[in-house]
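Student: Hello! Could you take me through this model, one question at a time?

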Amino acid sequence: MTRLNSQHHQGLSYTHETKMLGAHLSQLRRVAHHRQILASVLRQASSSSSIEYQPIKSVLVANRGEIAIRVFRACTELGIRSVAVYSEQDKMHMHRQKADESYIIGQGLSPVDAYLCIPEIIRVAKENDVDAIHPGYGFLSERSDFAQACIDSNLRFIGPSPWVVEKMGDKVAARQTAINAGVIVVPGTDHPITSADNAYEFCVKYGLPVMLKAAYGGGGRGMRVVRDLNDVKENFRLASSEAEASFGNGAMFIEKFIEKPRHIELQVLGDKAGNVVHLYERDCSVQRRHQKLVEVAPAPNLDKRVREAMAADAVKLCKSVGYENAGTVEFLLDNQGNYYFIEVNARLQVEHTVTEEITGIDLVQSQIRIAEGMTLPELGMTQENITAQGCAIQCRVTTEDPAKSFQPDTGRLEVFRSGEGMGIRLDGASAYAGAIISPYYDSLLMKVISRASDLHASAAKMNRSLREFRIRGVKTNIPFLLNVLENQKFLNGTIDTTFIDENPQLFQFKPTQNRAQKLLNYLGNVLVNGPLTPLATGLKPAEVYAALPETPTATDPPRGFRDILVAEGPEGFAKAVRHHKGLLLMDTTFRDAHQSLLATRVRTHDLLKISPYVAHNFSGLYSLENWGGATFDVALRFLHECPWERLEAMRKLIPNIPFQMLLRGANGVGYTSYPDNAVYKFCELSVKAGMDIFRVFDSLNYMPNLLLGVEAVGNAGGVVEAAISYSGDICDATKTKYTLPYYMNLADELVKAGTHVLCIKDMAGLLKPHAAKLLISSLRDKYPDLPIHVHTHDTSGAGVASMLECAYSGADAVDVAVDSMSGMTSQPSMGAMVASLMGHDLDTGMDLSNVSEYSAFWEQTRTLYAPFECAVTMKSGNADVYQNEIPGGQYTNLQFQAFSLGLGDQFEAIKKAYREANLLLGDLIKMLKGLPTIEGRPGEQMEPMDFVSLKTQLTEDHGPRINDYDVLSSAMYPEVTEDFLNFREKYGPVDKLDTRIFLTGPKVGEEFEVQIEKGKTLHIKTLAMAEDLTVNGEREVFFELNGQLRSVMVRDQEAVKELHVHPKVSPGKKGQVGAPMPGTVVDIRVQVGDEVKKGSPLVVLSAMKMEMVVQSPCDGKVASIDVTKDMKLEGDDLVLSIDPQ
């Protein structure tokens, strides 16, 4: 049946719309006419009835959301005109668009009060020729005064009579009615209680535990289980407040709490002739906060005799009060087979869908027909005709976060995709991309109903459907529901109402990654607010895609030195290096080269592109330096990527070449002292992640720091390459501090410590060719079997000459960088070294054409990093490094800073001042006056680091995805890692973006792809950015993702400076308390200056008709309160601040 839908009629002319409306109403009249004829025939065919049949031509639904739409659909199928009412807050809600007509109510009232305003609803009905009103569930559905008001206004109420609604809605009256009908009840109060003191007295008299229940409503609202006498009054106030907000009456009913019962409810239908039938039962035991989450029909493993007795009692009770229309009789069933009546819900239930699925009976249509005067026999609904077939499950998909005690979440649905298919029914309302989930109403987003032959098959369909859902922008309970569906107790049908509480594993789930939407949020932020990683210069990344040289794809790379290392261990590796005839090279392109030339900013994305080529064409390398040093810090801090993941990814693509990292001895990869166990753990994990050779150094050659690093690497199973930091000039007789004997003595100590390889680390590029010959030949003469590796920088331009001299003097390996990434403060040219030794006994065995192709890739790739290009300020190397002795990376950074501060023309003076300061301090800072001195190595005096506690804290702060890599990153750089984890959670895997797009964002109209993992590629197109700001200072940025329109809201950081926007909590800042969910402040329990304990109540928030107490996260004193009563808050809005004790 075609339904008028305003969204589908935009742009049509008024005349055309009028014609369509007329045609639609004519069709409704025809269907209604046929329905009247059918009803007349049925009535004549059955026994004569004294009940007058009055057809209903129009129905107003006094409700909202999915239940309103459910009724509208039934009306359309019956040819009945449907009328919606909506609050101001629901003006964009789908339910008003699904009706034939819709009218606003409750203007000026609160969102909930609008739907509780009886005079408004009656007025709309009378003004628009409505015949009947359907109350749905919740709101006014169990208000007898509403039912009576409908009848008094000559409107039919689609539900029980006002007298029955009143009698069944009053828990005490319903209880007495059940007793009178011979139905067993749970012990409890015999009248509603409105005072917390009266509740306390009852509990003292009858004992605990007890259940507090709203006397005039259901659905879990206003329900609390109380087990401690001290909690009675507080829980009574909270439950009564919820009941008042939900049902307009805060009176409570108290009854004894049955331990571990099953919650079984019987669906009944009654007519005006006194007929009552049951439509079998539903098991509603999967509950939290006494609100149902999953319902199953029929109840699994229910004894046939219990089923029949329970059904007979339900029918008997309803007949005793002359029940008509739909209702539910609810029971608690203990593990002995005893059942107790608890209440009657005199309305349609949320979970009516599963009964419809197993019986084939449309309950809503049945409600309407009964209200018209049809009897159950006339509708073919005699008890013997009603059978249950198969099994149906309903899952309530809600916008709640199960990882945070089911806190309601609100916001904009950025993405919505449902799971459909055979055996799946979806009942929803405003579940579509762009919909706004408000804090004013229930958190139900959609009901998903599966039907199959049995419980297992139905659960499998439900599982499949939920896994197909993609909901972004708000949290949902889908991960939790999936755990329920896969739980063996649930699948066996052996659950009770404590199922959730007693199965904490239901909350052990990985949160959805939401990678695509997070990346769009990142891109939107870059477009609105500019780069999110600081750019060092005004240059922009080049618009190039570096051409990759051809690489075999179906073959393994040739064997290399790592194969020897894996097979023979560090000692066998060292022997193989020493016995190798030619000169070995270590390629620094993957680390020190770009640290020196591009501020360490080269990203994993580009390193991985060229990695297969390196593996296939440079298998003869001594090692590939690709980790440690500054790369660790910069990867986390500026590139927003995990250095451990970089290491693992490179290891997979380069299995044959040893990896080398820079380890700062006892300082790990940091710039401070750490407990010794932190360094040991770091080395252990590094080896597991793929690291092979550890170049252990201390810039001051402080032996205790070096020895700790040597021992840590040795224990981890890595290759120990202990390094001597070279300074000065051993050939200059005027320099008496750093002499040849000084270096030879250091070498002796490192050899005694067990180093596998000895390294000369020439950090500033001070090792001249003559000095190189003297030092290396002396070391070779003394240690003929020890591999020697030389590291240098080419700042002076003499790097190639020095490295050749090292090779001639007995060095086994020297550092180079590929040509386009060599020179200046980087390492000597790989191509120059290869060409210089071609045909020589020390021939490297490298193919110069391969070096050229490798260099071509980096020549193009380097232009992507133009914002960090050292050549902006440095045009060549400079031999004055022999005077100022500035290390390569530091030289580049110092020059950058000088030019950034407008001091570029004074850089020569700066270098001179650096030299003078160095000489003034005697080449070594021994002590600063006024600072405490430390005896011995600092790390050995520190308490061991507690990795278990650190991981626990990180997991609490950032969720279950925290791994050992994150723990070690935090151990090295706690604040930097905290920022990285927050960034990753907010923006996703930004390391997968192309470098230009990562740094400066895409252009409008640009299309590009992002491979987030193997076999999963996102196709993105940037469409537009809105010019207008929202009231919160946000701009909407539009994209096309995999062919579908997506948009993100981005706060304009410049624009909001002129707007008043409530502050948010700062991630990781202790003592700040944020709103755990969007809502309204209904009570403030503390004042500034109050002393609070951890767990103390601070404020009470109300959202989605639920109240939540925000508790103190720590002991301390309230420093400031940032909210006022009745203030509306968004999630993570700052509530107050506490000075922690």
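Tutor: Gladly, and we begin with naming: helices (H or I, at least four residues) and strands (E, at least two) are DSSP runs, numbered from the N terminus. The model is predicted, so local features need pLDDT of at least 70 and side-chain atom pairs count only at pLDDT 80 or more, while totals for chains, interfaces and linings use all residues. Residues are numbered from 1 along each chain as its sequence is written, and side-chain values use heavy atoms, with hydrogens and water left out.

Student: In which loop is histidine 640 found, and is this residue buried or exposed?

Tutor: Burial goes by relative accessible area with a 1.4 Å probe and protein chains only: under 20% is buried, over 50% is exposed, and in between is partly exposed. Histidine 640 is found between α21 (630-637) and α22 (643-653). With a relative accessible area of 10%, histidine 640 counts as buried.

Student: What is phi of histidine 640?

Tutor: Most residues other than glycine have a negative phi. Histidine 640 is not a glycine, yet its phi is positive, at about 55°.

Student: How does lysine 260 class: buried, partly exposed or exposed?

Tutor: Lysine 260 also has a positive phi, near 50°. The residue is found in the loop between β8 (252-256) and β9 (262-270). Its relative accessible area of 39% falls in the middle class, so lysine 260 is partly exposed.

Student: Which residue is joined to proline 209 by a cis peptide bond?

Tutor: Most peptide bonds are trans. Proline 209 lies in the loop between α9 (196-206) and β6 (210-214). The cis bond to proline 209, with omega about 5°, comes from leucine 208.

Student: Which strands stand at the edges of the eight-strand sheet?

Tutor: Strands pair here if DSSP finds at least two bridges between them. The sheet is open and antiparallel, in the order β13-β12-β9-β10-β11-β14-β21-β19. Each edge strand has a single partner, so one of its sides is left without a neighbour in the sheet; these strands are β13 (339-345) and β19 (424-428).

Student: What is the average twist from one strand to the next?

Tutor: For angles, axes are lines fitted to C-alpha atoms, for helices over the stretch in contact, and values run from 0 to 180 degrees between N-to-C directions. From one strand to the next in this sheet, the twist averages 25°.

Student: Which residue is the bridge partner of alanine 392 in β21?

Tutor: Strand β14 (residues 391-398) and strand β21 (residues 444-452) pair in the antiparallel sense over eight bridges. Across from alanine 392, the bridge partner in β21 is arginine 451.

Student: What angle does α14 make with β21?

Tutor: Contact means heavy atoms within 4.5 Å. Helix α14 (residues 455-468) packs on the sheet and touches β11 (291-297), β14, β19 and β21. Its direction makes an angle with that of β21 of about 140°.

Student: What is the volume of the largest cavity?

Tutor: On a 1 Å grid over the protein atoms alone, a cavity is a set of points where a 1.4 Å probe fits but cannot get out. Points are joined across faces, edges and corners, and a volume is the space filled by probe spheres set on them. The count comes to seven cavities of 30 Å³ or more. The largest cavity has a volume of about 80 Å³.

Student: Which element gives the largest share of the lining of that cavity?

Tutor: Lining residues have an atom within 4 Å of a point, and here they include Tyr545, Asp606, Lys609 and Arg996. Two or more residues each come from α20 (604-617) and α36 (995-1000). The largest share, three residues, comes from α36.

Student: How many of the lining residues are charged?

Tutor: Ala, Val, Leu, Ile, Met, Phe, Trp, Tyr, Cys and Pro count as nonpolar, Asp, Glu, Lys and Arg as charged, and the others, Gly among them, as polar. The lining of the largest cavity has five nonpolar residues and one polar, and the number of charged residues is four.

Conventions:
On a 1 Å grid over the protein atoms alone, a cavity is a set of points where a 1.4 Å probe fits but cannot get out, and a pocket is an open set with protein on both sides within 12 Å along at least five of seven lines; lining residues have an atom within 4 Å of a point.
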